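Q: Could you take me through this structure one feature at a time, giving the general idea before the particular case?

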Amino acid sequence: MRALPAQDDAGRRLLHTREVVCKGYVRTDGLYDIEGRMVDLSAEGTWMIFHELAPGEAIHDLRLVLTIDAELTIHRAQAFMETTATPYCGGAAAAYGQLVGLRIGPGFRQAAKERVGDVAGCTHLTELLGPMGTTAMQTLFSQRREARRRDDTMPEQPMPRPSVVGTCHAYRMESPATAVIWPPEKRQV
């Protein structure tokens, strides 16, 4: 990834890096694994009350894997806490099994927070659920694009409203992008 330019000419010294990477996989059983990983790195090293870190060592190295179906319903949730700030953090990992049965979509983050938020779970793993939710959607979009590429026909009338319509500037109702993916003449009323 290319570094963005600094906002001004002030000298800077890196102190902390947070890396969040989310990946979507299709499984041979027809389900999907959405994997989120968050790593906090101390550039210069730091004292963490429970242990001291050398420069470049991780404060957190956390991973969450959600197994979902094509309707975005969670079938399995597993948390892995490889490196944590305290020796007590790992006790939160089991809480993420409570996400099973939730559907990723409107209201997902709030429903997830009710199950694993605050002291029930880990703040950082719970934060991962936002980007993991959008990664899940992008993963399914990718699968659908691949299927459309194999079957390059435009669906017959009428077409239901695509889920992305109304979610951002590019896909606002009156945008040219929306007209391409959901032509006005093929819209289901």
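A: Contact means heavy atoms within 4.5 Å, and, leaving aside residues up to four places away in sequence, threonine 139 touches Gly24, Tyr25, Tyr32 and Ile34. This is a predicted model, in which local features need pLDDT of at least 70 and side-chain atom pairs count only at pLDDT 80 or more, while totals for chains, interfaces and linings use all residues. Residues are numbered from 1 along each chain as its sequence is written, and side-chain values use heavy atoms, with hydrogens and water left out.

Q: Is threonine 139 buried or exposed?

A: Buried means under 20% relative accessible area, exposed over 50%, and partly exposed in between (1.4 Å probe, protein chains only); threonine 139, which lies in helix H2 (residues 123-150), has 13% and is therefore buried.

Q: In what order do the four strands of the open sheet lie?

A: Helices (H or I, at least four residues) and strands (E, at least two) are DSSP runs numbered from the N terminus, and two strands pair if DSSP finds at least two bridges between them. Here the order is E1-E2-E5-E6, with antiparallel pairing. Strand E1 (16-26) and strand E6 (74-83) each have a single partner strand, so one side of each is left without a neighbour in the sheet.

Q: How many bridges join strand E5 to E6?

A: Eight bridges join E5 (residues 58-68) to E6, and leucine 64 has alanine 79 in E6 as its bridge partner.

Q: Is tryptophan 47 buried or exposed?

A: Tryptophan 47, found in strand E3 (residues 46-47), is exposed, with a relative accessible area of 58%.
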